[in-house]
Amino acid sequence: MKKYFHVCFVLLASVLLSSCAYHIGAPLNRSYSSIALADISNLTREANLTQLMKDAILNKMAQEPYLNLKNQNEADLIVTLKLSTYGTSSYTSSQKRHHRELDNEEQNSYATTVRRLELWVEYKVYKQGCNDKPLFEGKVSGEGFIPTIHDNEIAWGPALRAATDNAAEKIMTAILCFEE
């Protein structure tokens, strides 16, 4: 019985001490516990990009368990964003088909063209009461992919959402990893 108790204790201790991405308490000693989004300036020609970026960054802020999303007057940190540029680039990947009936090498291969949308976002993070000088700042890029289809408008919206979501994730990672 005593041996059974020791084995159970060792198993329980190993389970409790192993890291499965669960933790108790705040992960870092931070001097801030709340965050707010002040404004987003959009220098691109995409009018709906402002709302997409706002939705993406507020969603990422709300998902963080150790940061409370507050209004600008009550938050410890205030974030401003500037959507500076976006662009697309294409790349082609060739792959080989495996058809036994085709002998010609040219007929056995095909090319897939994918366009990549890249959005550049500049961010500045201010401490409450110090709006003249940012606590820290940076520039990130978000990516989305546009499949080659006949109607580009159908694929453009999801690519913009993916790019804003990707940029928002990078901005929140920078904020969470910042230590004063």
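Here is a short chat about reading a helix face and some salt bridges in this predicted model.

Reader: Let's start with helix H2. What span should its 15 residues have?

Author: At 1.5 Å a residue, residues 49–63 should span 21 Å, and the end C-alpha atoms of H2 are 21 Å apart, which agrees.

Reader: Which residues of H2 are buried?

Author: First the general idea: an α-helix has 3.6 residues a turn, so residues three or four places apart point the same way. Now the case here: the buried residues are Leu49, Leu52, Met53, Ala56, Ile57, Lys60 and Met61. Looking down the axis of H2, they fall within an arc of 160 degrees, so they line one face of the helix.

Reader: What is lysine 60 in contact with, beyond its neighbours within four places in sequence?

Author: Asp165, Ala168, Glu169 and Met172. With Glu169, the side chain of Lys60 meets in a salt bridge at 3.0 Å, N to O. That pair links distant parts of the chain, with Glu169 in helix H4 and Lys60 in helix H2, 109 residues apart. Glu169 itself is partly exposed, at 38%. Lys60, Asp165 and Glu169 are linked in a network of salt bridges.

Reader: How many salt bridges are there in the whole structure?

Author: Five. One of them joins Glu143 and Arg116, with the closest N and O atoms 2.8 Å apart. Here the link is between strands: Glu143 is in E5 and Arg116 in E4, 27 residues apart.

How values were computed: Residues are numbered from 1 along each chain as its sequence is written. This is a predicted model: local features need pLDDT of at least 70, side-chain atom pairs count only at pLDDT 80 or more; totals for chains, interfaces and linings use all residues. Side-chain values use heavy atoms; hydrogens and water are left out. Helices (H or I, at least four residues) and strands (E, at least two) are DSSP runs, numbered from the N terminus. The expected span of a helix is 1.5 Å times one less than its number of residues. Buried means under 20% relative accessible area, exposed over 50%, partly exposed in between (1.4 Å probe, protein chains only). The arc is that of the directions from the helix axis to the C-beta atoms. Contact means heavy atoms within 4.5 Å. A salt bridge is a side-chain nitrogen of Lys or Arg within 4 Å of a carboxyl oxygen of Asp or Glu.
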